[in-house]
Amino acid sequence: MAGLLRLAGAARSLTRALAPAGNRRMASAAAAVVEDDDEGCWSEWEEEARARETAPVAEMCPTGSGDGPGGLQWVVMGRPGPQKHAHAARLAEVLAVPYISMGTLVRQELSSAFSLYKKIANSVNEGKIVPGDVIFGLLTKRLEEGYHKGETGFILDGIPHTHLQAEILDGIVDIDLVLNFKCADNCFMKKRCGGDICSHCGQLFDISNVVSKSLNLNLGSCKPSQVQHAAVVGLEDSRMEKMRAYAEQTKLLEDYYKKQGKLVELKTSAHPGETWQGLVAALHLQHLDASPTPHKLTLRAAAHEPNPTRPPLSASSAAAGAMETVETLVAHIQGLSGSPEELAHLHNLLRQADGESLRAHSAGLLPFLAQLNPQAHSLGFLYLLEAFASSASNLRAQGVGDFLVTVADFLISCSADQIRLAPDKFLCACRMLKNEVMQLNAPIRGIAPLRAAIRKIQTSSEELTPIHADYLLLCLLAKQYKAGLSILEDDILEVDQPKDLFLYCYYGGMIYIGLKKFTTALEFLHNAVTAPMSSLNAISVEAYKKYILVSLIQNGQVPSFPKYTSSTAQRNLKSHAQVYVDLASCYIKGSYSELEEYIQTNADKFQSDNNLGLVKQVLSSMYKRNIQRLTQTYLTLSLEDIASSVQLNTPKEAEMYVLRMIEDGEIHATINQKDGMVSFHEDPEQYKSCEMVEHIDSSIQRLMALSKKLTSIDENILCDPTYLMKTGRERGDGLCLMFWNPITCLSWASRKLLN
């Protein structure tokens, strides 16, 4: 204790240097609302007392002009529950004074590069209070650095906590005003200890024993229907004792500042939007411009920008400035994640802070991510997450497994409205997850997060995103084919990038091959082969190889290219898949032995293309195809004759193939077990059953909907200026002139559609 008093006496000279002339005293009363992240030096409270709501910034109409009142020296205090941090940082920015958070100063010392690392780390690890001499030593050092940098004033957050600390602080600096953020209903808040939590204000109660004297909790203004059970009955006596002790210390601290006439009590309410307005009104700051100062969020300007009138900053001072600036940015994220207008403003701030400035300090962003809620602060969380993951060394230090959990939780819980403001960064986060799970050889871990990401980034189910292909790739690698159906069954009509379409069709075809749904697989592979292309690409080549094999398995032949296939594909695809084209020619001959010999000769090629398994299915389908040919010639045939005709070894094998084909609906036949004769029949379906009528009706409705959609797309293309200019140049009929006359364009398009 004597050491602390000696420290206070040594700092009095600093007080005189910082304090401007005159006795600066100010006091007022107000009603305002906030919630606090108690950034103070009580390590246990810092861990336990975190609230979820944030303090949104309300617009203020200036009533006057002039600069902010620099030189003020204010302290903010409050119970462990209120999150005063966001409003304190916001207020410091409006008043153009530094914001000093003791929690930030302590965290900066948690590095082996600083002398106090071991002393602080031991206290934090043991759950003890950080020693007072360390706290005031850090504060004195920070004030000295501010003085040398030319700072005039501050807003201090996180100290004092006790009457003694307040006396010591008065010996160091001359405090003008103390803002005391108080919870409206005198409610206790805790983190990670369970409890009955009011969904309205966040209070913790024991709803099963509301009048419990041992817990000394009451509902206040909250209704029992608003309180949900979370097992607070078992709060440890030690924790409750600490809460009572904290309340007693706070009362003594309030009385101390009341006697000095410096205390301003600001009570909270259930509406965060009223908080800032009440705070501004209480302090008579309506004349100040409340718009955030973007350049203050630029790390480079805050930490590295030279000033010829000031001495150069040390490395530790620069790091401290950077951390304070990041903390200010986090405060803005917490306060501006509400309305669309606030989000737009926040997005501008994040874009200004993004880049080399934020990435230069990416290693220290992880603790700030823990302060953000992925759902409520999705936009800011995304920027910090992407900046942190931009460095491979950060991922190695954090551990890939832990980082995967963070990213996966974010993709699942993030707000769709917020992440759509920064789609490129969201796509980067998705690709990071995909790459990491593939590196860990655990693709199944990325399936659920990417599926959720697709639904969040899509504006409609008809939109194709770059995440579709990554998701289908993980489904393939994990052999979770049915998981891919959740997006493959959507009708895709909106495509932005051609590569996304090619990969989507290619991977989709492979998933349906894995499910043995060859008809649908052919549709997807067909789209990959016939899609418009100005130059040949590897995806369409690989798709064409599989298209040949699946066509042989399903239909026994490969159809020719349709007319709408691009000339590039028609000219070049066959030459790049010649081995497969020759395989199809050999298959049509119907000779099993010849086809088998051809496959054995080119087995290495098929293996290198990862298509050997499909090729073997082609060989196996030869028997079925030959049996189908027999149905076109004979009405009855013995199993022995079938075996001989299709080159099977025994009638028993022929019977197995026939039974399998009957079961799959590939042929209609019956087998007489007495004489081994097979009778072939016509298709018994008369298309009169209720199920068939419903199926036909649903197909017609779907075709009508697709027809309307295609008509709409056609109209948009006909009115597209680029299309009109191109067709006008090709035809020479003056269509390009319609580009300048939208009415003429629409009239021409209408006549075109009617004709």
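**View 1. Exposed face of helix α33 in the predicted model.** Lys-652 and Glu-663 are exposed and lie on the face of α33 turned away from its buried side.

**View 2. Buried side of helix α33.** Ala-654, Glu-655, Tyr-657, Val-658 and Met-661 are the buried residues of this helix. They sit on the same side of α33 because they cover an arc of only 165° around the axis. An α-helix has 3.6 residues a turn, so residues three or four places apart point the same way. The cover over the buried residues of α33 includes helices α31 (612-631) and α32 (639-645), as well as strands β10 and β11. Just after α33, Gly-665 takes a positive phi of about 75°.

**View 3. Hairpin of β10 and β11.** Strand β10 (residues 669-672) pairs with β11 in the antiparallel sense, over four bridges. Ala-669 stands opposite Phe-680 of β11. Four residues lie between the strands of the hairpin, and Gly-676 has a positive phi near 70°.

**View 4. Strand β11 and its pairing with β9.** Strand β9 (residues 636-638) runs antiparallel to β11 and is joined to it by three bridges. The bridge partner of Leu-637 in β11 is Val-678. Val-678 and Phe-680 form the covered face of β11 (residues 677-680), whereas Met-677 and Ser-679 form the uncovered one. Phe-680, on the covered face, is also the residue opposite Ala-669.

Key. Residues numbered from 1 in each chain as written. Predicted model: local features only at pLDDT ≥ 70, side-chain atom pairs only at ≥ 80, totals over all residues. Heavy atoms only, no water. Buried < 20%, exposed > 50% of the residue type's maximum accessible area, 1.4 Å probe, protein only. Helix = DSSP H or I, 4+ residues; strand = E, 2+ residues; numbered from the N terminus. Pairing = 2+ DSSP bridges. Arc of directions from axis to C-beta. Contact = heavy atoms within 4.5 Å.
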